[in-house]
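Dear colleague,

Please find below the structure that I am handing over to you. My notes on it follow directly after.

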Amino acid sequence: MQNIARRLLNLLTKNRRLTWRQWRNLLASATDEDRRYAKDLAGDITRSVFGRLVFYRGIIEFTNHCGNNCLYCGIRKGNTGLARYRLSERQILDACADGYALGVRTFVLQGGEDQWFTDARLEPLIKELRQHFPDAAITLSLGERSRESYQRLFAAGANRYLLRHETADPRHYRMLHAPKQSFWRRMNCLHMLREMGYQTGCGMMVGTPWQNVDSLAEDLAFIQDFRPQMVGIGPFLPHHATPFHNRPAGSAELTLFLLSLCRIMNPRVLLPATTALRTLLPNGLTRGLAAGCNVIMPHLTAPTAGYELYDGKPAVHDLHRELQAIKEELVAAGYALSSQRGDYMQEVQHKRHRKLHDGMQTVFIKTRAQA
Ligand code: SF4
């Protein structure tokens, strides 16, 4: 007879959804063997949808100024010891041009909630990126903004928006954020973004203080109902200049399990093997891919040493070498980087693209066999 976790994993595979209580029971009862079973299910699903192709997004961390004080974040306003920077429009365009020349077709403009970057400053930048790189996707990760702002940036040419919900439990949210930050405002932003037509990404850290199976079950139930196109899940890693400096890092194994659950829940979701996972785990990229990830997000900008979200975050000095190392790691694990933008595929589109992926897969396997 199947144990509870195995039964719930099979039910999830069949229905793509569970109740909150079922999520909780699954998280509370899964053994190492059940997690391996989930990984195998997720791996099969990923390969059936995306083949062995991995999308890559180039991140431009263009400002480490932030007006917020999230208790876990190294670039929080309260960290007065951090040297702050803003990239100029020229530097951002150059970083994108470098990435584009190396095949990057998604640019992720990421920053803290920096009031200096008003709509009047961002609009022309996005328009210029759209004009220079018409076949590339522009993803924004700028935190909470007004409806009008999101609309203006979308109209200027942005396609996607990443805004981690961080926790779907309002009480837990209060424990991780400054009093002026609102759980409901964050949720409202996510709904606005998706309604406006952005491909929207949510997500959370694994192992933040006071997180438990109840709050993780809330996260999974929220992701299931919200149906985001992207989900970012990485382990919590402490930063020395935050109130959580002496808290333990999150579990890589639990992170991998949650990634597998997201893949089983939504076979077409875009799921990155995050930098935090790769920082915590030496083989985090290949373990992430085996667990259901299909996206990697290397940095395109050099001054990432100032974008210290957590301790140990790697700085990029040579983009070309970094990409080459990623490619080699992927090939060794039997994967290849895709040259497509990697938009979220609706069901009908997915069936059409399946044939294309199968064709590319065949070419890739033949190329490997000949190498
Ligand atoms: S997590 Fe984001 S909003 Fe919070 S302090 Fe860090 S950069 Fe600012």
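Strands S6 (residues 199-206) and S7 (residues 230-235) pair in the parallel sense over six bridges; two strands pair if DSSP finds at least two bridges between them. Helices (H or I, at least four residues) and strands (E, at least two) are DSSP runs, numbered from the N terminus. Within this pairing, Gly203 has Gly232 of S7 as its bridge partner. Together with helix H9 (residues 213-226), S6 and S7 form a right-handed β-α-β unit. A crossover is right-handed if, with the strands pointing away from the viewer, the path from the first strand over the helix to the second runs clockwise.

This is a predicted model, in which local features need pLDDT of at least 70, side-chain atom pairs count only at pLDDT 80 or more, and totals for chains, interfaces and linings use all residues. Residues are numbered from 1 along each chain as its sequence is written.

S6 also pairs with strand S5 (residues 160-162), in the parallel sense and over three bridges. There, Leu162 stands opposite Gly201 in S6. Seven of the eight residues of S6 are buried, so this strand is largely enclosed by the rest of the structure. A residue is buried if 20 or more other C-beta atoms lie within 10 Å of its own, exposed if 12 or fewer, and partly exposed in between, with C-beta atoms placed from the backbone.

Strand S2 (residues 58-63) is likewise largely enclosed by the rest of the structure, because six of its six residues are buried. S2 and strand S3 (residues 106-111) are paired in the parallel sense by five bridges. From S2 the chain crosses through helix H4 (residues 89-101) to S3, and this β-α-β crossover is right-handed. Gly58 has Phe107 in S3 as its bridge partner.

Turning to the ligand, the residues around it are Cys66, Asn68, Cys70, Cys73, Ile75, Arg76, Gly112, Glu113 and Gly143 (C-beta atom, placed from the backbone, within 6 Å). By class, this shell has four nonpolar, three polar and two charged residues. Ala, Val, Leu, Ile, Met, Phe, Trp, Tyr, Cys and Pro count as nonpolar, Asp, Glu, Lys and Arg as charged, and the others, Gly among them, as polar.

Finally, Gly288 is found in helix H12 (residues 284-291). Gly288 counts as buried because it has 27 C-beta neighbours inside 10 Å. The C-alpha atoms of Gly288 and Pro272, 16 residues apart along the chain, are separated by 8.0 Å.

With kind regards
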